[in-house]
Amino acid sequence: MSKTRKILRILAKTYPEPETALTHESPFQLLVATILSAQCTDQRVNIITEKLFADYPTVWKMVTLPLPELEKYIRSAGLWQTKASNIKKTCQRLIEEHNGEVPADQRALMALPGVGRKTANVILANAFQIPAIAVDTHVLRVANRLGLANSKSPDHTEEQLMKIIPKKDWADAHHWLIFHGRKICKARKPLCHACPLRDLCPSSTALETDPQEE
DNA sequence: AACTCGGGGCA
DNA sequence: TGCCCAGAGTT
């Protein structure tokens, strides 16, 4: 079995619930939640969307929400204010250019305000079951440390991961690597001593923090 | 490639 | 206080 397979098998066992934690009932709701999820954990996003989607569940409803009102939702979670106007503009453009539907196409998604490659891939994988790997800061860091990729470029890392990870695992691998990056393989002071992948990781020795360190 | 945006939460 | 956070857009 390849090293990649071994890593995926361990991750699947360690993080058995790979589904996105973003609560949503439609591609549109997932799109809004994913835009919000930048610089913010899913848990906090769900606090916003629980109220937001209750009153404005569809693009047709949300487009009627005045920007200042939308900003109040955003501000309550400490998110970048530009997200509010991006969501507002995205609602308008979905209606004007896509008949109110979320396009199942990467380029069309990325053309929307506030939607980059990462957000687009999350939508494709989780709303449309189109295989895609979203490389965020966690995935990028973990993949590099594990030796699955060797690049500072998310786009390049995405290409490498798509080559070595079986397509059926793409959506799950995204979540496995993110969970692992948050809980164990943290940017600072990674918990290598508690890492189920330590024996497979070329970086574990170098990253192991001094137990005496405060 | 580097920079900005931005505030709540937590140590 | 200081530091972190499931990015995107602009220069």
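**The surface near DNA strand C**

Helix α11 gives the most to the surface near DNA strand C, contributing 3 residues. Near here means that a heavy atom of the residue lies within 4 Å of the strand, and helices are DSSP runs of H or I with at least four residues, numbered from the N terminus.

Some conventions. This is a predicted model, in which local features need pLDDT of at least 70 and side-chain atom pairs count only at pLDDT 80 or more, while totals for chains, interfaces and linings use all residues. Residues are numbered from 1 along each chain as its sequence is written, chains are lettered from A and ligands numbered from 1 in the order in which they are written, and side-chain values use heavy atoms, with hydrogens and water left out.

DNA strand C is surrounded by 22 residues, and the closest are Asp42, Lys118, Thr119, Ile178 and Arg188. By class, this surface has 9 nonpolar, 8 polar and 5 charged residues.

Next, the phosphate oxygens of DNA strand C. A polar side-chain atom of Thr119 lies 2.4 Å from one. For His138, a polar side-chain atom lies 2.9 Å from a phosphate oxygen. Gly114 has a backbone N or O atom 2.9 Å from a phosphate oxygen. The elements giving two or more residues to the surface near DNA strand C are α8 (117–127), α9 (137–146) and α11 (170–183).

Last, one residue in helix α1 (residues 3–14): Thr4. Thr4 counts as buried because its relative accessibility is 13%, the limit being under 20% relative accessible area, with a 1.4 Å probe and protein chains only.

Technical notes
Polar contact = N/O pair within 3.5 Å; in protein donor to acceptor, adjacent residues only side chain to side chain. Nonpolar A, V, L, I, M, F, W, Y, C, P; charged D, E, K, R; others polar. Buried < 20%, exposed > 50% of the residue type's maximum accessible area, 1.4 Å probe, protein only.
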